[in-house]
Amino acid sequence: MTVCETCKLAKENVSYPALLTTDEKNRMLGIIADALIANSDAILKANEEDITRGKDLPTYLIDRLRLTESRISGIAEGIRQLIALDDPVGKVLASWVNHDGLEISRVSVPLGVIGIIYEARPNVTCDVVALCIKTGNAIVLRGSKDAYITNSELVRIIKSALKKNGFESGFIQLIEDTTREGADEFMHMDEYIDVLVPRGSAGLIKATKKNATIPVIETGAGNCHLYMEKTGDLSVAEKILINGKLQRPGVCNALESMLIDRDILAKAAPVLLGALAERNVTIHACAETISACPELADKLIPATEDDYAREYLGYEISCKAVSGVDEAIAHINKYGTHHSEVIITNDESAADKFLREVDSSAVYVNASTRYTDGFEFGFGAELGISTQKLHVRGPIGPEQLTSFKYVIHGNGQCRK
């Protein structure tokens with residue numbers, strides 16, 4: 001099918017998920033979770049074909065592309081978590097009676113047809129389908145060519161399982177065209193798509209924002225910061241730094257920048273940068289930080305202005321000395337991407353100031369930025385991490401995939 005035909009078919013089926021009962025939606029989610037586990041061998045075989053084709057991709061993209069038994073189990077578990085959550089559709093968000101006796105209610109409803117354009121992350125296919133079922137939305141998926149074989153197999157398994165159990169699946173559509181021209185056409189399907197979510201590289205997000213005629217929810221790049229405040233526990237900082245930078249370097253909530261208070265630079269920098277260097281992380285450091293670590297001088301690269309704004313997505317990080325919480329906040333708000341930031345501190349006033357003034361979607365005190373995730377936040381799954389302020393921010397879970405309408409009851413009132 002063409003891009004237009006695929007989007008049109010999703011639109012024609014948009015009312016089906018919207019009118020499902022809570023029990024029906026939850027049953028569908030259970031069926032999908034079971035089907036993924038039952039068909040894991042077929043999924044892994046398809047995934048291996050994609051990995052073989054993409055052997056020249058950057059390491060971080062291969063990691064995002066790869067599925068394993070444990071990752072499939074994690075995807076299924078996330079879907080099952082959605083079952084336990086309240087239905088976000090049909091909730092009375094507010095109600096009141098106006099001056100003429102009209103009973104007015106604001107009630108949550110699905111967004112409609114959601115389009116997602118994403119790169120080399122087949123887990124997104126399952127997460128998005130599950131979220132759209134829970135929220136009563138139709139979905140058009142447009143993955144990259146790097147993951148097309150895996151995505152196709154996942155959609156086939158999902159739709160087959162639903163059909164086998166008596167459910168329709170026309171509201172779930174996968175675009176077959178993985179060319180750049182196909183992506184551009186998808187961005188102009190405003191006749192059929194209600195909202196478009198790009199999930200991937202900064203280039204993809206920028207292109208989508210620039211070219212789309214559909215309202216876009218931006219899931220931004222993640223230049224995430226750790227600020228080592230002068231009262232912070234150095235052992236806590238080291239643990240969070242290693243987790244945030246190295247657990248999965250190629251994801252958007254991984255640490256990309258570190259700031260160290262000048263008052264403790266001589267003590268903290270050798271420990272923190274040494275921990276990174278011994279794990280083969282390339283460090284772009286300011287001159288002051290390099291001077292504080294003479295034993296690491298041959299392993300540190302002088303940082304440029306551009307280095308502080310980069311999302312490395314690998315074994316690299318920037319580091320800068322700052323003169324306190326105010327300078328740290330100013331640096332983060334200037335160079336960051338409004339994603340996730342953490343302060344390591346034992347000073348309650350410094351923590352409060354950081355939480356209040358850092359303009360990011362998730363701000364932490366003494367905890368890893370790797371927790372910025374729909375699954376970890378208890379949403380079951382996520383559509384992405386929004387770094388904008390309209391209409392959602394942070395992990396995009398079930399409640400964020402709804403809008404609302406006003407329901408009014410009267411007994412003959414007419415406006416004077």
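Predicted model: local features only at pLDDT ≥ 70, side-chain atom pairs only at ≥ 80, totals over all residues.
A residue is termed buried when its relative accessible area is under 20%. By this criterion, buried residues account for 53% of the 416 residues in the protein.

The protein contains 15 helices and 16 strands. Its radius of gyration is 23 Å, close to the 22 Å given by the globule rule for 416 residues, so the protein is as compact as a globular protein of that length. Along the principal axes, the C-alpha atoms fill a box of roughly 75 × 60 × 35 Å. Of the contacts with a separation of 6 or more, 71% are between residues 24 or more positions apart.

The accessible surface amounts to about 18000 Å², and carbon and sulfur atoms contribute 50% of it. The protein carries 45 positive and 58 negative charges, whose mean positions are 3 Å apart.

Backbone geometry was examined at several loop positions. A cis peptide bond, with omega of about -5°, joins L390 and H391. H391 is located in the loop between β14 (385-386) and β15 (394-395).

A120, which is not a glycine, has a phi of about 45° and is part of the loop between β3 (113-118) and α7 (122-135). Its relative accessibility is 1%, so A120 counts as buried. For N280, likewise a residue other than glycine, phi is near 65°. N280 belongs to the loop between α12 (265-277) and β9 (282-285). With a relative accessibility of 63%, N280 counts as exposed, because the cut-off for that class is over 50%.

Notes
Residues numbered from 1 in each chain as written. Heavy atoms only, no water. Helix = DSSP H or I, 4+ residues; strand = E, 2+ residues; numbered from the N terminus. Rg over C-alpha atoms; globule rule 2.2 N^0.38 Å. Buried < 20%, exposed > 50% of the residue type's maximum accessible area, 1.4 Å probe, protein only. Contact = heavy atoms within 4.5 Å. Areas by Shrake-Rupley, 256 points an atom, 1.4 Å probe, with all protein chains shown as cover. Lys, Arg positive; Asp, Glu negative; His and termini not counted. Charge placed at Lys NZ, Arg CZ, Asp CG, Glu CD.
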